[in-house]
Amino acid sequence: MMNLALLVDFGSTWTKVRAVDLDQARVVGSAQGPSTVATDITIGLEHALARLHAGLGHVPRYRARLGSSSAAGGLRMVTVGLVRELTAEAARQAALGAGARLVGSYAYRLTRADVQEIEACRPDILLLCGGTDGGNRDIIIHNARALAASAYAGPVIVAGNRDAADEVAGILPGTLFCANVMPSFNVLDTDPARARIREVFMNRIVHAKGIDRARGLLDDVVLPTPAAVLEGAELLAAGPTGDDGLGPLVVVDPGGATTDVHSVGESPADSGVVRLGLPEPHAKRTVEGDLGMRHNAASIVESCGANAIAAAAGIDVAQLHALLAQIAADVERLPESAHEHALDRSLGRAAIRLAVRRHAGTVETVQTAQGPVRVQRGKDLSRVATLIGTGGVIVHAPHPRELLEAALADRGDPFSLGPREPRLLIDRDYALFASGLLARVDRRAAYELARHALRDATSEASEVSDTAAAPDARSTHAAGSSASSPSVS
Amino acid sequence: MQAKTLVTGVIGADTHIVGNRILSTALEKAGYKVVALGALTPAGDFIKAAIETAADAIMVSSLYGQGEIDCRGFRDLCVEAGMEDILIYLGGNLVVGKQPWREVEQRFLAMGFDRVFPPGTRIEDVLATLAADFVARDRGERLDATLPTPWATRQGAEP
């Protein structure tokens, strides 16, 4: 009898399920159903499970059944801080690291217009920060009062100046507190806030969104999907015991609406280099809201120029605009013609290049009276050992390497701290989310699972490339369907 | 009473960090809470750090002779950020060449710095002045920055 775990991702379009053999640390079955969060989330899940179990040939007793969710808009959060580049930025990083989708970020005093915006967008969670410990109290107290007087009734997590905590608790009863995201100047401590956000997500948000209806079929929905991916990436980098993983790595995921970049690793500055700005988190996630393959295809073109995108796709600008109009009219559309596929790859390369460039830091030489000085801003990814691509446009491309190479530092750009010579891998099975979930119950199996699932990006296209018309079309494949190319060792 | 918070740093494209480190350490030893920004600090970063930490004073160093350019508008930035009354000190090699100290001091006082210190100032003098200024501020008073001070007397003795 196999020792199996069931891992489920409730996405905005699909409900993906994976059965994992914990002893072998392999995906033994994959399936998907529609996303039915708007009606009853269990319908899509039952659908997917029926397919999975048909493929497996039986209904197993699972040792663990865990889920992640990005359905119903994902974990929608608003962050509030004091100085934009300091606590407001720390608050943003904490929320992104917890897997949130930021629907608003505010700095300084909340104005009446700000409060109206927050009321209108009704975030799932609001993270209120401001002031170092012992620092500014006035602004966080003002902002707590503004929120108390507002119509926003959702959960508020406070991770600001601890000297203001008692007063804020009096103003906003029922508020949850955790350690300051910036306890002293330019010191980031976002992990307590990340943990608190995930806790609120698991205990309250999944209920509010109706995701907990799946509890009869699952043990728990534990994480927002992006947080599961980030945890999978952290495990892959560190290894199950903390020192035997793949080392520093980057994951890039160009999606329909946004492009996510996750990086795991320290950001060492060379000696003699002066660092400016906030310290970089070990596990960092950025979300580029203007770089999406479908909802934001036009804004990718805006950022890169129509001529460049068209030329890279081998089409002319008129054709480009016709195809963009077609995408705008139907964002669910999947590429069919050769031109559409070529355009998708061109958009994908552009999104990957820009998203990783924005995620990575820069180093420049500043001339001073004492001679040249090197100044570093942001995270140094130049020594990253592994770059992993995921998402439909990469995994369905005939040559995924061509897309992933867009993430590498431009050799002609001496200022870039982008990845230089990483090994290029693809996560074709969306194994990272599964690995991040499985890490909750079995770190070693979770690590092996991700390691086996990653494929070298230069390998020949696999059996899934011809079914690119339906992402994750392996739904009907079952046991061992993804073992065609050599796994990473 | 809670310890006062001070922001220190070297302004502009200036990499001279040693004196500023010594100053920051001495201030910490004297019981202040010090937020040390280090070398190559843009004026705006002093202000941002002071807002977030609710600092009581900002101590700006400039050692490379370009202080006049870097410090212009510093008080305006404080006013803009809602800290019109924050105590701001400046010290170092503020100008190039030999210029009478009184003129140099006046130039920077006119920019809105509360105290301006010449090269060679002793740490004890800074600590004593800072303590006196804080006592006066807590009483709602201001000390006259142009009154004779120990360093000015010493400096005045030079040709």
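**Inside chains A and B**

Trainee: What do the buried residues of α4(A) pack against?
Mentor: The buried residues of α4(A) pack against strands β5 (76-80), β7 (125-128) and β8 (156-158), and against helix α5 (165-171), of chain A. Helices (H or I, at least four residues) and strands (E, at least two) are DSSP runs numbered from the N terminus. Keep in mind that this is a predicted model, in which local features need pLDDT of at least 70 and side-chain atom pairs pLDDT 80 or more, while totals for chains, interfaces and linings use all residues. Residues are numbered from 1 along each chain as its sequence is written, and chains are lettered from A and ligands numbered from 1 in the order in which they are written.

Trainee: Okay, and which residues of α4(A) are buried?
Mentor: In α4 (residues 138-148) of chain A the buried ones are Ile139(A), Ile140(A), Asn143(A), Ala144(A) and Leu147(A), where buried means 20 or more other C-beta atoms within 10 Å of the residue's own, exposed 12 or fewer, and partly exposed in between, with C-beta atoms placed from the backbone. These residues cover an arc of only 135° around the axis (taken from the directions from the helix axis to the C-beta atoms), which puts them on the same side of α4(A).

Trainee: Switching topic: where is Arg109(A)?
Mentor: Arg109(A) sits in the loop between β6 (101-106) and α3 (112-121) of chain A, and its 15 C-beta neighbours inside 10 Å make it partly exposed. Leaving aside residues up to four places away in sequence, Arg109(A) touches Ile139(A), His142(A) and Asn143(A), contact being C-beta atoms, placed from the backbone, within 7 Å.

Trainee: What about chain B, is α2(B) enclosed or open?
Mentor: Helix α2 (residues 43-53) of chain B is largely enclosed by the rest of the structure, because nine of its 11 residues are buried, among them Phe46(B), Ile47(B) and Ile51(B). The buried residues of α2(B) pack against α2 (87-97) of chain A, and also against β1 (5-10), β2 (33-36), β3 (57-62) and α4 (74-80) of chain B. Just after α2(B), Ala54(B) takes a positive phi of about 50°.

Trainee: And how many helices and strands are in chain A?
Mentor: Chain A has 15 helices and 19 strands, and its C-alpha trace spans about 60 × 60 × 50 Å along the principal axes. Of the 489 residues in chain A, 51% are buried.

How values were computed: Two residues are in contact if their C-beta atoms, placed from the backbone, lie within 7 Å.
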